[in-house]
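Here are my notes on the helix packing, as you asked. Please read them with the structure open.

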Amino acid sequence: MNLALGHRLETLQDGLTTFCNGAAVPMPLTQTRLDIQIVAGLAMVKRSSLFRNTEDTPIEAVMTFPVGFDAVVTGLSATINGRRLIGTAKEKAEAREVYEAALDDGKLSVLHEEALRGVHVLSVGALPAGAEVEVVLEQTLALTDVGGTPFLRLPMTAGHIYGTSPLLPSDDLVTEASVQHLARLRVSLDQGQAILHDGSILAPNEDLEIVLDRAVELRCQGGSFGTLVGQSADGRLVELNLAKQAGSDAALDLHVIIDRSGSTSGLVREGDVSISQAIRNGLIQEFAKLGSQDKINLWQFDDQCQHIGAASGAGAVALAQQLEGPSGGTELGGAIEAALQKGAKDILVLTDGQTWAHMVEDLKGKALRISAILVGPNSLDANIGHLCALTGGQLFYCPGRDVASSLQSAFAGLRVLGEPITGQASETSPQTLTCRRGGVTIRAAWMQEPDSIENPDVAQSVGRYAAALALPLLNNVAAEAWARSHSLCTHISSLVLVDDAGELSQGFSQMRKMPMMEAVSFARPRSMREALGSPRGLGASYSASYDPQYSSARGSLRPTQTSAPAFRKTGQEHGSIAQIIARLLPAAPDQDRFQIFSGFAWDRFGDDLLAHDLTALTPSQIEVLQGLEDQLVAAAKTQGSVALENGQATIFALGLIAQSQGGRLASRFARRALKNAPDWVKLPV
């Protein structure tokens, strides 16, 4: 059984072919391009993806991928047969409804959602047979400060992640070893040189082909932070200033928590030191520079947490020298809780970010600040980023083995106290703001409408980025309106576009999940037990199961109220049929007769079922279906309605079964199957 992030996967054979429900299908994603423009320490990134449907049926291409935690998605467009369509921002549920309605009508549509901050989902639906579409996603982010040098990191994949994923299976990150993704990369800078993770210098405005098996990391040697001018959606000018965070003489009173899980045994890059060793070396180097008033408590954790000791100033070097090698899983929550019990107020975590620890909500209201340094080419900042943002901390990235430079920036940031974001705003829009991100202080000020804009594209990106920073200053209603007016994809808004003038697809769009490349690994352990340590670590990484109580619908790790469809009597008109369904759904889950439809490929066989071709069903499924048909026919008589024809009863019964399963594919079939059903047949949603 092939698993990734706790979910069973289909097996992918190569970079161009995938297996879906046992049948080989072509890979729809055929080209990727990254165009990066860096001005005054702000990066504007355009990611172009070309999707081509070489099958004889319409498809829905779904791609889940990491996006930098502090990055802002500021635009979506698509080119179809020479026509360029621009995505618009809508409230998340509304955007999904628009997209689903377009799919029901057979219209090519594109939806970009934030599944949770740091992980996004791009869906291209109703792509007709033989058609292609180029989707361009725009994102803007501030570079971080690494020892005085601006640094850009764009995540492209994720390594093995410990714990239970908070994402729905249809939205989850998927990686596969046999898939290869290439991209054309082009970088332009206002000053300095762009240096890749391997030390190579990028020629300005020239394409370079790269492999997307690790994060794109760029040092901007000779670059600096500065001031940009943008334009807000309401026409006002916005001045955005980025500067390296000013230093402070305040003493540190810091708990440093070190991840020593099995995944930190991987090398930083080929022929280099391990992630674990790079962390140890960096700590020894920077601890030696601490002043006598600086206090350090050092911890290490895998499945368990260990307090190594406390020291002042350079005495902390001896603590770092006691750090042990990689072993076990990642129990970050337990480590932070242990530090809290010892009185921690400031915590710095050094990790490769490979954990789905569900502890964000537990830390609300606690007097605690958590910052983190992500080390390694495949670190995922989604969950650790939530912890930092929630507690007012900052997220730092490490270029290669140079943990010391990242520690230098982190220590400087930790010596500064105060709120993570401050500013002034009216009821509907911001006026000023100041925030700190990755060792950089960002200030924005909105002013009156300017006479002219020198570079409209840059001005729009700057204006939208500043608008996203200001969302915490606004109330919920104003924040949603502000996000929509600036075409932002956020936790409250998604981007959607529909091709109303294009060719209509007939039938169901079959879902094709686009896997990322497996994260690059420069260290192949001799055994899985050696890589992950204890059996508990192995189970945490490879056997974690999906917890339906955690949903991505709200863009958070917050538990939903219910995890399964509920059939209940909501009115007299639904009473009889609701009781019939209830009799088919006994309370004990192992007796639920509809469970045999779990995982059924409604997208693949939906058209056949609507044409009364039941060959895709097993004998047991047909038996349940026929039982429900008989009860629907009998119920029709008690309703005083026109008797259901056998064909109608079959389709309506299939629709009810699909509705009972939940999930997007089943719901799409249910809508079509029950489209012409009388009201008493339809179950309350």
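1. First, a caveat. This is a predicted model.

2. Start with helix α8, residues 476-485. Its buried residues are Ala478, Ala479, Trp482 and Ala483. They sit on the same side of α8, because they cover an arc of only 130° around the axis. An α-helix has 3.6 residues a turn, so residues three or four places apart point the same way.

3. Now the other face of α8. Turned away from the buried side, it carries Asn476 and Val477, which are exposed.

4. What covers the buried residues of α8? The cover includes one helix, α7 (456-469), along with the strands β10 (88-91), β31 (430-437), β32 (440-447) and β33 (493-498).

5. Next, the ends of α8. Asn475 caps the N-terminal end. One of its side-chain oxygens lies 3.2 Å from the backbone nitrogen of Val477. After the helix comes Ser487, with a positive phi near 55°.

6. The pair is α12 (residues 602-610) and α15 (residues 664-673). Their axes lie 9 Å apart, at an angle of about 15°. The two helices are therefore roughly parallel, the cut-off being under 35 degrees. Their crossing is right-handed.

7. Which residues of α12 and α15 meet? From α12 come Trp602, Asp603, Gly606, Asp607, Leu609 and Leu610. Facing them in contact from α15 are Leu665, Ala666, Phe669, Arg672 and Ala673.

Key
Residues are numbered from 1 along each chain as its sequence is written. This is a predicted model: local features need pLDDT of at least 70, side-chain atom pairs count only at pLDDT 80 or more; totals for chains, interfaces and linings use all residues. Side-chain values use heavy atoms; hydrogens and water are left out. Buried means under 20% relative accessible area, exposed over 50%, partly exposed in between (1.4 Å probe, protein chains only). Helices (H or I, at least four residues) and strands (E, at least two) are DSSP runs, numbered from the N terminus. The arc is that of the directions from the helix axis to the C-beta atoms. Contact means heavy atoms within 4.5 Å. A polar contact is a pair of N or O atoms within 3.5 Å; within protein, one must be able to donate a hydrogen and the other to accept it, and residues adjacent in sequence count only if both atoms are side-chain atoms. Axes are lines fitted to C-alpha atoms, for helices over the stretch in contact, and angles run from 0 to 180 degrees between N-to-C directions. Angles under 35 degrees count as roughly parallel, over 145 as roughly antiparallel, 65 to 115 as roughly perpendicular and the rest as oblique. A crossing is left-handed if the near helix is turned anticlockwise from the far one by less than a right angle, and right-handed if clockwise.
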